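Welcome! Take a look at the sequence and the model, then read on.

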Amino acid sequence: MRLQALRPQLKRDPLGSKHVNALLSAWHWLKAQFYWRRPHEWKRQARALGLQPVYADWVGFFGLDDAGNPWFAEHASWRDRKPVAERELRHVVRAVASRRYFRLRRLRLVRTLTAITCPTCKGTGRPPLPPEHRYRIICQCGGAWWVEPEWIKADQPS
Ligand SMILES: [Zn+2]
C-alpha cells in the first residue's frame, strides 16, 4: 500500500467523505448484528412464553401470540401480561409485526372500506419527524398507512 493512501485528505470535510460514510454504515450494520444475537431481556421473556416480541415503548412491551392476538405487559414482567383490547392498538401491533417479521406476513392488515388515510403520516407510514426519529417512532397507523375514522376521534379530548 502506498503511504499516500494512509494520509487523510483534509481538503474536504472528513465526516462527509465517502470512506467515512462507508465505515459508519459498516459500524451500524455490525451493531445491528450484535443486537440481533443478544436480544433484550423482554424479548427473551416473550419468546419463552411463546409470544413474538413486537415492540417496546415507554409504558411497556407488545407481543403477539400464535393466533395473531396482541398482548401487552408493563416493563416489570411478561407474566402479568394482558390482551390488548383497544382496536387502534391491536392495529398498530399487528401492522408492525407483519412488516418486521417475514413469517408473520399473513397478519398483514387489509385496508377496510371505511378506512381513511392516516392523517399523521399522510399515508407514508412514517411520522413527520426528523430522520433520526422517523424510523424509531411508530406512527399511529403502525405504518399501515390507514386508520379507522373513529380512532382519530377517540384521540381528541372531549
Ligand atoms: Zn400513519
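Of the 158 residues of the protein chain, what percentage count as buried? The figure is 20%, where buried means that 20 or more other C-beta atoms lie within 10 Å of a residue's own, exposed means 12 or fewer, and partly exposed is in between, with C-beta atoms placed from the backbone. This is a predicted model, in which local features need pLDDT of at least 70 and side-chain atom pairs count only at pLDDT 80 or more, while totals for chains, interfaces and linings use all residues. Residues are numbered from 1 along each chain as its sequence is written.

**The overall plan**

- The protein chain has 6 helices and 6 strands; these are DSSP runs numbered from the N terminus, with helices (H or I) of at least four residues and strands (E) of at least two.
- Starting at the N terminus, the order of elements is α-α-α-β-β-β-β-α-β-α-β-α.
- Two residues are in contact if their C-beta atoms, placed from the backbone, lie within 7 Å.
- Among contacts in the protein chain between residues at least 6 apart in sequence, 37% join residues at least 24 apart.

- An open sheet is formed by 4 strands in the order 1-2-3-4, with antiparallel pairing; two strands pair if DSSP finds at least two bridges between them.
- At the edges are strand 1 and strand 4 (82–83), each of which pairs on one side only.
- Strands of a sheet pair through backbone hydrogen bonds, either parallel or antiparallel.
- Strand 1 and strand 2 are antiparallel and share 4 bridges, and they form a hairpin with 3 residues between them.
- Across this pair, Ala 56 stands opposite Phe 61 in strand 2.
- Strand 2 and strand 3 also run antiparallel, joined by 5 bridges.
- Their hairpin has 5 residues between the strands, and Gly 68 in the turn has a positive phi of about 85°.
- Phe 61 has Ala 73 as its bridge partner in strand 3, while Phe 62 stands opposite Phe 72 in strand 3.
- Helix 3 (residues 41–48) packs on the sheet, where it touches strand 1 and strand 2, and its direction makes about 150° with that of strand 1; such angles run from 0 to 180 degrees between N-to-C directions, with axes fitted to C-alpha atoms, for helices over the stretch in contact.
- Strand 2 is mostly covered, since 4 of its 5 residues are buried.

**Helix 4**

- Helix 4 (residues 87–100) has 14 residues and reaches 20 Å from its first C-alpha to its last, close to the 20 Å expected at 1.5 Å a residue; the expected span is 1.5 Å times one less than the number of residues.
- The buried residues of helix 4 include His 91, Val 92, Arg 94 and Ser 98.
- These buried residues pack against strand 1 (52–56), strand 2 (60–64) and strand 3 (70–74).

**The nonpolar core**

- A nonpolar core is a set of buried Ala, Val, Leu, Ile, Met, Phe, Trp, Tyr and Cys residues joined through C-beta atoms within 7 Å.
- Of the 22 residues in the largest one, Val 54, Phe 62, Val 93, Val 96 and Cys 141 touch the most other members.
- Strand 2, strand 3 and helix 4 each supply at least two residues of this core, and the largest share, 5 residues, comes from helix 4.
- At least three residues of this core come from each of domain 1 (40–108) and domain 2 (110–153), with bounds taken from an automatic or database domain assignment.
- Not counting residues up to four places away in sequence, Cys 141 touches Ala 95, Cys 118, Thr 120, Cys 121, Trp 146 and Val 147.

- Gly 142 sits in the loop between helix 5 (131–134) and strand 6 (146–147), and is buried because 26 other C-beta atoms lie within 10 Å.
- Gly 142 and Val 92 are 50 residues apart along the chain, yet their C-alpha atoms are separated by 4.1 Å.
- Tyr 101, in the loop between helix 4 and strand 5 (116–117), has 14 other C-beta atoms within 10 Å and is therefore partly exposed.
- His 75 belongs to the loop between strand 3 and strand 4, and counts as exposed because it has 11 C-beta neighbours inside 10 Å.
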